Structures are given as C-alpha cells and as structure tokens.
Amino acid sequence: MNTTHADGNTPAGATTGAQASDDPFLWLEDIHGARAMDWVKTENAKTTKQFIDNAEFDKTRDRILEVLDSDARIPAVSRMGDYLYNFWRDKANPRGIWRRTTLAEYRKAAPQWEVLLDIDALNKDENKRWVFKGSQCLKPAYTRCLLSLSPDGGDAVTVREFDIPSKSFVKDGFVLPVAKTEASWIDENTLYVGTDFGPGTMTASSYPRIVKEWKRGTPLAEAKTVYEGKTTDLAIGAVHDRTPGFERDFVSVAKDFFHSELYLRENDKLTRVDVPTDASADAHREWLLVQTRSAWTVGGETYPSGALLAANFDAFMAGKPAFTVLFKPDAHTSLESYAWTRHHLILDVLDDVKSRLEVLTPPDHTNATADWKREAVPNAPALSSISVADTDPDNSDEYWLDVTGFLTPSSLQRGVLGSVPAETIKQDPAFFDASKFEVTQHFVTSKDGTRVPYFEIAPKGIKLDGSNRTLLYGYGGFEVSLSPHYSGSIGRAWLDRGGVYVLANIRGGGEYGPRWHQAALKANRPRAYEDFAAVAEDLVKRGVTSAKHLGAEGGSNGGLLMGNMLTIYPQLFGAIACEVPLLDMKRYTHLSAGASWMAEYGNPDTADWSFIQTFSPYQNVKKDGHYPPVLFYTTTSDDRVGPVQARKMAAKMQAMGHSDVWFYENLEGGHGAGADNKQAALMHALAYDFLWDQLK
C-alpha cells in the first residue's frame, strides 16, 4: 500500500469471532504490551548480533546514510505564491527543517533558505519526538498554514495552525489532537475537519466518518456537521476550491479504495456529481475531468476503462454531458497521472512502463465542443521516467519535471508552457559509477499466457552462468506502478557489490491501467504471484542467476507478495526480505488497516475466505515446509499495516522449528522505513546485508 492507504481502529489485542480462537500468537497483537515488547527486544537482539554488529554492516549503513544525508541532493520544492517550499533532513537536522526560498535563489548552487520551522528545535522545546507530515497553506496569501505532526512517524497526527510571517504557531489558533485527521481551509476563520470526534465517529478503517465545518474561536464540539457517513465507508472528506470565479465546495465519500461518490455542496445542499462510483472525478475551473475504471455509457457514447474524459462542469451538472476523450488506452499504454497548469493539462502516459508526456490545451470556454490541442513534451531518455513534480495551476503555466532512470541521477527541470522551454535547474549527484552497468527490459509469459514486463540492471558483460546474486523487487497491488528510478542506496548497497537488481511489473499494479490492476483483484490475486514467479523462473532460464542466488524483497502489499513467495514458491528463492507486511489474511480486517482493503483482497469473514485462504501466508506456512531464509522487518509505530502480522509470522515459523527466520522491529517510522535518515539507513542496510549474505 502507498502513503494514502487507510488504517483500522480495532484495539490492540482484541479478538473478533471464532477466527481468533485457534491462534496461539494473539498476544503479539498487543502492540505495546510488556510481553509482546519483550519478545520484540529479544528478537531484535538476535538479529542485531547476527547481522548488525559487524564492520561490514557499518560500512553498508554509512554508505546509505551518506546518500540520504547528502547536501548535494535535489531539495524538492513546491510553489506557494512567490516562494518555493521544501522540507529537508540531513545530518545536522535529523528530524528536518521546513523552509522556503525564491526562484532566483533556488537557481544558485547554494541557495539561501529562510527556515520557517526547525523540527529538532521544536522537539527540544516541547520534549517530543515529532515527525513532520506536511503542510496546507491558505490561498492566495499563504501566510497561515495547517501543519501535521506525528508523535512517532505513524499516520495519526496533530494539526496545528502556523503563522509564516512570525514563524510561530498561532496562539489560540486551530489545534486538533492526535488522530487520523483530515483538515482543510474554507477561509481564514473556517475549516473543514474530519477527525476522531469521539466514540463511533471513525469508520471501521479508522478514517473520519463525519466531516464538520469548524469556526475559529468556537469549541470543536460545536462544529457544524456537513456530512455523516457509514461505519462501513472508508473515509469522508470535504474541500473548498478557492479558485477565483470558480469557488466551489465538495464532499467526498470514499466507499472503498476504488469506489467513491463526489457531491457539490451549495448552501448546505449536496448534489451528486453523477459519474460511476469506480471513476475518479476532478473539477478545475470550468472543466470536469473523469478517469474511468470500467466502461461507461453516457450521452449515447461508450467510453472504455482507463480513459480520461473532459466536459464543461456546469453543463454536466445541468444534465447535459458532452465529453471529449483526452486519453484512450491501448494494449501498451495507460494514463499514470495528469496535472493542470493555468491554461494547459499535462498527461503522464506509460508506454510499456516507459513514460512520456503530452500537453493538452482546452478550447476557449465559449466553445467547449472544439478540439483540445495536443503536443508532445521533450521526453526522458530510453528506459527512464519523466513525471510532473509541481505546477502552479492558479497563476501560471510554470511546470517542474522530475527526470530519472536506474542509472541516471534525477534531474529537476523547470519550464513555462508556451514561453520558456524546460531547463535543468538541479541535478542529483551520482552516488555510484553507473558506467559499469546496463539497463534492459524483458518480457516473460506468465502461467495464464499474459505478457509481463520487468527491468534488469546488471553489470556490463555479465556472465550468464547462474552465479549472479540477484535481487527481485515487486509490489503488484492498488493500481500502483513501478517505473524506472535512480536509487543511490540500491547502487551502493547492491549494484556496486556486483549484484543484479530486477524490478517486476506484475499484475495488481497500474502499469497498464485499471485492467492490469483488476486482473489480480480478490479471487484473482494469485495472478500477481504467478507473474512474480514467472519473472524469477525467467531469470534462472536466461542464466542471470539460480535459485540459491536469487533473493526477493517487497513491502506492505509487497510484503504479502513476499509471504506468498515464501509459502507457495519457496523453491525459487535463496532468501526473502519481507517489510511491513500483510500476512494474516484471516484476521487482516481486524488488524490496524485491514477494513479499508477489502476491495483489494475480499472479506475473510464471509464466503470470500474460500479464495483468500489460498494466499494467506500465516495460515499456509507448514511445519514440514522447506523455506529459504527470511527476514521480517517492521515498525512498532506502523498504524497502517501494523507490526503484529510480521511478529506473528516470525513467531509461528520459529515455533514450527524453522531456524532461519529473522525479525527486526524499529520503534518509530510508521509505515515508512524510519523517522529520520539514520533509522532509514539502518533498515535498508539490514535488508541488503541480510540478502547479500544469504545469497552467496
């Protein structure tokens, strides 16, 4: 799951129904319980002694930390008004600083930054361990912001109002206690707030069930209810669009990850934006954009799955739909994303997992049925990725592009459509010698005949004798695409050692749009695992590696993928690294996030268990099974997937007598690798060193 994925709120240690009665490791679900934490400390000590307490590990960790802390990295920016804003972590600022600068300064090799908030200094002042989780500033002045701070790196945050001119939190300003909160500005004195208002106000997925309108100076308890959803909904939210001349309010009702309803709110009345619930709808100025996930017939026309459509918003709401097709997929292409500038729309298209950009210009608003103009943008080199990093849709046609490849450090380009061609403003340094390697793309036929792509990064002149230590990475879920990207950490910790790195574009992801994702939903989930196994077998068939030299790694939903490689395809791998994983698919809906993911996997408390049980590693691991060495690693503060599934799987395998089962749990960091760069470096180094050691 990515950073938007939801979390459940069943109390730690709670049992639900008969399904829990035969689980001897339920006590490990008491996340912070003394017995469970004693077990964690014991396992951490074993893993530390075996893999961390040695000079080779220190070398790997320190080389990764040099990448993460490097002052030469591109400081990613987003524009708000006249300034470019950035959040930055390095050795001197482990928890980070929130800062801004001007474009003129940013162009310099060493820009002067105005620090707005120092998180390390804040933690010292307040005796806390806050982790910065983002800002939302009020247009158009951008002087007042809502800052989100997590106490441990998890998804639950406190929201506090911040004043940029004084660089301080607003005295008696808006403050919300730690919860899975969504808050946004309506005006300088009013917010939309979805949070934990008390018992029964969160969904089963622990997202807000109720959204309210909160006036400054009034108690939160007196906030006016705007919409109240059902406990079975995923999440409820509301936003105010402040675009001059197009001010609108919307309420969103997420039914699950792939189905939602959007309502226009006018004078407290809600009017449905009547598009299919599995489509995404987005209003920008006079335009309504609809991205389909299934075929849709409207206005006498049928539009395919994966298309992007445009219509005049007011006409559509008046019952007069007239759509223009902006993108239509084919067997090789999908729409990865889109971004507005003031006068244009930029499409990010994947063509066999290689990206290209197109710029569309809508017709004059007086002639909505005229054709949109289409032109290409200079694109990335072969086997690379190009994506829109930022735009300024309210005020200008400025755009920022991120261009990256497996062997090409990211570059940040800026241009202005129609006047200034894109030019490179910043370039990441090279953290390893890319000249020694080459990138190739391959295709393999999966078990059911589907053509599955994968990328391979290998030393030039590699001997195809099956002896190369190879790391195969995958995800395969939630319509998330894996595309070429530069990683100094992978380069230093794996490639520089002589290893081969492989990225598998299996079904369940978004590489070929909704059809690629839907092909591995629920009962079809095993198709993703068959694809990954097919890639593993192809690497052996081609002589790149052999089973004893082939490792696999994945996290979250990719951790579930790893669990199934372990239990269904153990003969294909020499070692497996399984990060923040889903593993107990019988109880997953009652653990942390689970209830929000039933649209992906199914509901194990129903007849769906008949197929879910086929891909539930916790239930399928056997005492007499023969499994490769495995490392489960997670974080105590992960309030999305939670640490308990990794704990239980490791404990169960150990109890069965499987000796090569390792476990490590970091206290902080949430669903990510760590709360700061040092923690992240340790977690990454642990996985790479474990795999390298096992695959020799």
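Modeller: Let's begin with R160, which lies over the face of F169, at 4.0 Å from the ring centre. Keep in mind that this is a predicted model.

Biologist: Thanks! Which aromatic cluster does F169 belong to?

Modeller: F169 is in one aromatic cluster with Y85, F87, W98, F132 and F162.

Biologist: And how are the rings of Y85 and W98 arranged?

Modeller: They form a tilted aromatic pair, with 5.8 Å from centre to centre and 35 degrees between the planes. Y85 belongs to strand β2 (residues 83–88) and W98 to strand β3 (residues 97–101), 13 residues apart.

Biologist: Are Y85 and W98 buried or exposed?

Modeller: Both Y85 and W98 are buried.

Biologist: What sits over the ring of F197?

Modeller: That would be the charged end of K212, 4.4 Å from the ring centre of F197.

Biologist: Stepping back, how many aromatic pairs are there?

Modeller: The count comes to 31 aromatic pairs, taking ring centres within 6.5 Å as the rule. One of them is F51 with F690: the ring centres are 5.4 Å apart and the planes are at 75 degrees, so this pair is edge-to-face.

Biologist: Where in the chain are F51 and F690?

Modeller: F51 is in helix α1 (residues 34–52) and F690 is in helix α14 (residues 677–694), so the pair links distant parts of the chain, 639 residues apart. F51 is buried, as is F690.

Biologist: You mentioned α1. At what angle do α1 and α13 pack?

Modeller: α1 and helix α13 (residues 644–655) pack at an angle of about 70 degrees, and their axes are 12 Å apart. Since 65 to 115 degrees counts as roughly perpendicular, that is how α1 sits relative to α13. The crossing of α1 past α13 is left-handed.

Biologist: Which residues make the contact?

Modeller: On α1 they are A36, M37, W39, V40 and E43, and on α13 they are R647, A650, A651 and Q654.

Biologist: New topic: where is Q413?

Modeller: Q413 is in strand β30 (residues 411–416).

Biologist: Why is Q413 called buried?

Modeller: Because its relative accessible area is 17%, and buried means under 20%.

Biologist: What is Q413 in contact with?

Modeller: Leaving aside neighbours within four places in sequence, Q413 is in contact with Y399, W400, L401, V403, A422, E423, T424 and I425.

Notes: Residues numbered from 1 in each chain as written. Predicted model: local features only at pLDDT ≥ 70, side-chain atom pairs only at ≥ 80, totals over all residues. Heavy atoms only, no water. Phe/Tyr/Trp six-rings, centres within 6.5 Å; stacked < 30°, edge-to-face > 60°. Helix = DSSP H or I, 4+ residues; strand = E, 2+ residues; numbered from the N terminus. Buried < 20%, exposed > 50% of the residue type's maximum accessible area, 1.4 Å probe, protein only. Lys NZ or Arg CZ within 6 Å of the ring centre and 35° of its normal. Axes fitted to C-alpha atoms, helices over the stretch in contact; angles between N-to-C directions. Parallel < 35°, antiparallel > 145°, perpendicular 65-115°, else oblique. Left-handed = near helix turned anticlockwise from the far one by under 90°. Contact = heavy atoms within 4.5 Å.
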